[in-house]
Amino acid sequence: MAALPPPATPLLELQGIRKQFAGVTVLDDISLRLYPGEIHALMGQNGAGKSTLIKVLTGVLASNGGQMWLQGQPVAPATPLQAQRLGISTVYQEVNLCPNLSVAENMFAGRYPRRGAAQGLRIDWAEVHRRAEALLARIGLQIDVTRLLSSYPVAVQQMVAIARALGVQAKVLILDEPTSSLDEDEVQKLFEVLRRLRAEGLAIVFVTHFLNQVYAVSDRITVLRNGRHVGEWPVAELGPSALIAAMLGRTMAEQAAQQQPLPEEAAQRPPLLQTEGLGQAGQLQPIDLQVRPGEVLGLAGLLGAGRTETARLLFGLATPDRGVLRIDGQEVRFESPSDAIRHGLALCPEERKTDGIVAELSVRENIVLALQARRGLRRTLPAAQQAAMAEHYVRLMGIKTASIETPIGQLSGGNQQKAVIARWLATEPRLLILDEPTRGIDVAAKQEIMAQILQLARAGMAVVFISSELSEVVRVAHRIVVLRDRRQVGELPAGSTEAQVLDMIAAQAA
Ligand SMILES: Nc1ncnc2c1ncn2[C@@H]1O[C@H](COP(=O)(O)OP(=O)(O)OP(=O)(O)O)[C@@H](O)[C@H]1O
Ligand SMILES: [Mg+2]
């Protein structure tokens with residue numbers, strides 16, 4: 001599976017790339033070399049400059065210096081279209097597909113093949129569909145391209161984004177966190193596609209915060225830290241702890257691999273939240289859950305197992321048509337999230353890109369948003385209190401921002417996500433539901449967030465923790481409920497291993 005040794009001339013080479021925003025240097029003297037037939041991991045903490053470098057090299061952002069060569073020729077793409085014409089294809093961190101258009105429309109929007117007198121009269125739909133199918137076939141996907149994109153799972157949508165980017169001329173394919181919403185099987189399928197493209201001679205840049213994926217698929221690694229180039233290594237020469245040290249500039253303490261059971265005294269407390277046969281036709285089979293104050297309940301399962309559906313039912317985003325929900329032993333019916341919030345619940349949603357941030361508002365405004373909404377518009381939080389709260393969470397979560405007044409859209413993807421988590425912590429809920437809280441967050445920040453969750457639990461908060469990363473679930477959860485095919489299939493105690501959780505998921509599949 002090893003790639004060929006690099007030929008003398010890189011396919012794409014960058015040297016001395018600089019980028020400033022309003023005088024602040026975010027890329028300083030960055031170099032990057034990509035060879036044909038390699039998968040190259042571009043690594044670094046949240047805010048290190050990965051997405052900015054990608055935007056510079058694909059003509060989305062103008063650089064403030066540096067040079068770029070494609071197959072030995074100097075190039076300077078000024079727009080993404082120019083970059084694509086040169087054969088540099090990109091799927092950006094914020095995938096911008098339209099769920100309510102068809103697959104084919106998504107793939108060709110803005111560049112439809114046309115037919116007619118002046119070659120601009122009529123979109124040639126037969127040709128659109130034929131080409132869409134051909135591009136998808138190249139990555140091994142056979143689907144009905146006339147169906148709405150939203151009718152397919154996220155993984156397929158991700159593949160469509162890649163096929164759209166690929167075009168026919170692609171020499172370089174850049175993927176900025178393509179796996180953040182895929183489950184294990186889907187990641188494997190994506191990797192097969194990447195290996196196939198590598199065998200065709202493409203150079204592939206791959207950004208991820210899942211270290212195991214780096215070792216599963218890439219040939220070489222470039223590390224950025226604080227907008228600077230740290231180094232470039234063949235993957236065999238940079239093991240995981242050396243990689244982490246290169247990214248952080250220090251080593252990271254090992255964390256306990258497994259959670260301990262809930263202390264006896266806490267386990268005696270009556271449940272804060274309890275469900276009996278709670279379900280919704282077509283969405284979730286009846287489930288029975290209990291969460292006590294101070295307890296972290298993990299929900300494990302593959303994508304589509306029903307974890308997010310559970311969160312939505314608990315939080316009043318979906319209406320159960322069977323079963324009972326109790327808070328403090330009292331039966332409740334949530335007509336909307338505001339009912340849930342009034343009972344002390346909070347949900348940090350999975351789809352933070354759409355449900356989460358308000359790009360034009362400042363970091364401070366984004367952090368106080370949920371708390372302010374709960375107080376109502378007429379009881380504005382005093383400015384000083386807002387500022388103090390924002391400063392507190394920026395420090396606590398290690399949010400990398402120039403100030404609390406910076407528009408949140410200017411933060412890196414991972415730092416935006418930290419702010420959304422902070423928003424829900426700021427409401428000081430009695431029960432916090434976290435749906436994939438560490439997605440897109442770097443290794444160090446993941447550990448900090450997990451430690452934070454555990455500390456809040458020790459102080460009495462109840463937590464429902466949903467994550468595709470089983471290593472995280474076994475590390476924080478006092479109890480793990482396993483879901484599969486929208487059904488509760490079992491429960492595991494603290495101290496269970498990832499393998500045991502996986503076995504339970506798989507046993508039910510057989
Ligand atoms: N439009 C902008 N205006 C001002 N600063 C920006 C802008 N875009 C990015 N930055 C800053 O540039 C730095 C690098 O951000 P970038 O998005 O490249 O990080 P990243 O490595 O992709 O992080 P992540 O892993 O979180 O996605 C950050 O400090 C960010 O706040
Ligand atoms: Mg990024």
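**Close-up views of a predicted model**

**View 1. Contacts of V501 and the nonpolar cores.** Leaving aside neighbours within four places in sequence, V501 is in contact (heavy atoms within 4.5 Å) with A300, L470, V474, I480, V482 and L492. V501 is also, with I367, I421, L434, F465, I480 and V482, among the residues that touch the most other members of the largest nonpolar core, which has 51 residues; such a core is a set of buried Ala, Val, Leu, Ile, Met, Phe, Trp, Tyr and Cys residues joined through side-chain atoms within 4.5 Å, where buried means under 20% relative accessible area and exposed over 50% (1.4 Å probe, protein chains only). Because domain 3 (254–344 + 429–510) and domain 4 (359–427) both give residues to this core, it lies between them, the domain bounds coming from an automatic or database domain assignment.

**View 2. N366 in helix 13.** N366, which lies in helix 13 (residues 363–375), is buried, with a relative accessible area of 1%.

**Notes.** Residues are numbered from 1 along each chain as its sequence is written, and side-chain values use heavy atoms, with hydrogens and water left out. In this predicted model, local features need pLDDT of at least 70 and side-chain atom pairs count only at pLDDT 80 or more, whereas totals for chains, interfaces and linings use all residues.

Methods
Chains are lettered from A and ligands numbered from 1 in the order in which they are written. Helices (H or I, at least four residues) and strands (E, at least two) are DSSP runs, numbered from the N terminus.
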